[in-house]
Amino acid sequence: MSIDFKSTKGIFQQIADNLCHQILEGKLPPGERVPSVRDLAMEYEVNRNTLLRTYSILEDAAIILNKRGIGFFVADNAVELIRATEKAEFFNNDLPEFMRKVEMLKLTESDLSDLMIILKNNSNT
């Protein structure tokens with residue numbers, strides 16, 4: 001993942017989002033050790049303090065756990081916590097804009113049904 005330095009989202013939040021997506025995709029399963037602060041700071045080419053802030057946010061959200069002296073690990077219920085957060089964000093931010101466009105474009109139920117079929121077929125390939 002690359003960092004979008006022009007984004008309105010902070011770098012630490014972009015990295016947190018990326019880690020959460022890796023957890024949802026199963027690339028970082030529950031119980032697995034999260035890459036070290038040093039390793040990720042080098043990978044993203046950011047200050048280690050940025051990563052510490054990222055990990056602090058994820059730890060406060062109970063998505064990762066700090067095992068002192070060992071490192072950070074994905075929490076057992078991380079997937080459920082992330083899905084709940086992402087779902088709330090979708091309903092509060094993305095869906096209203098989507099519905100506004102549906103109304104503006106006068107999309108019909110049939111248009112949306114066709115779109116869902118296309119999306120489903122694309123996700124199965």
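Predicted model: local features only at pLDDT ≥ 70, side-chain atom pairs only at ≥ 80, totals over all residues.

Visitor: How many residues does the largest nonpolar core have?
Guide: A nonpolar core is a set of buried Ala, Val, Leu, Ile, Met, Phe, Trp, Tyr and Cys residues joined through side-chain atoms within 4.5 Å. Buried means under 20% relative accessible area, exposed over 50%, and partly exposed in between, with a 1.4 Å probe and protein chains only. Ile23, Leu51, Tyr55 and Ile63 have the most contacts inside the largest core, and its residue count is 24.

Visitor: Which element gives the most to this core?
Guide: Helices (H or I, at least four residues) and strands (E, at least two) are DSSP runs, numbered from the N terminus. The elements that give two or more residues are α1 (11-24), α2 (37-44), α3, β2 and α4. With five residues, the top contributor is α1.

Visitor: How many aromatic pairs does a search of the whole structure find?
Guide: Rings of Phe, Tyr and Trp (its six-membered ring) pair if their centres lie within 6.5 Å. Planes under 30 degrees apart count as stacked, over 60 as edge-to-face and the rest as tilted. The search of the whole structure finds two.

Visitor: What type of pair do Tyr55 and Phe72 make?
Guide: Their ring centres are 4.9 Å apart. The planes stand at 70°, so the pair is edge-to-face.

Visitor: How many residues apart are Tyr55 and Phe72?
Guide: Tyr55 is buried at 1% relative accessibility, and Phe72 is buried at 15%. Tyr55 lies in helix α3 (residues 48-60) and Phe72 in strand β2 (residues 71-74). The pair links distant parts of the chain, and the separation in residues is 17.

Visitor: What type of pair do Phe90 and Phe91 make?
Guide: Phe90 is partly exposed at 38% relative accessible area, and Phe91 is partly exposed at 47%. Their ring centres are 5.7 Å apart and their planes at 55°, so the pair is tilted.

Visitor: Which residue has the charged end of Lys67 over its ring?
Guide: A charge sits over a ring if NZ of Lys or CZ of Arg is within 6 Å of the ring centre and within 35 degrees of the ring normal. Arg53 lies over the face of Phe12, at 3.7 Å from the ring centre. The charged end of Lys67 sits 4.6 Å from the centre of the ring of Phe73.

Visitor: Which residue forms a salt bridge with Asp17?
Guide: A salt bridge is a side-chain nitrogen of Lys or Arg within 4 Å of a carboxyl oxygen of Asp or Glu. By this rule the count is three. Asp17 is buried, at 16% relative accessible area. Its partner, at 2.4 Å from N to O, is Lys9.

Visitor: Which residue forms a salt bridge with Glu25?
Guide: Glu25 is exposed at 53% relative accessibility. The closest N and O atoms are 3.1 Å apart, and the partner is Lys27.

Visitor: How far along helix α4 are Glu97 and Arg100 separated?
Guide: Glu97 forms a salt bridge with Arg100, with the closest N and O atoms 2.9 Å apart. Glu97 is partly exposed at 35%, and Arg100 is partly exposed at 44%. Because they are three residues apart in helix α4, their separation is about one helical turn.

Visitor: What is phi of Lys106?
Guide: Most residues other than glycine have a negative phi. Lys106 lies in the loop between α4 and α5 (109-123). Its phi is positive, near 55°.

Terms used: Residues numbered from 1 in each chain as written. Heavy atoms only, no water.
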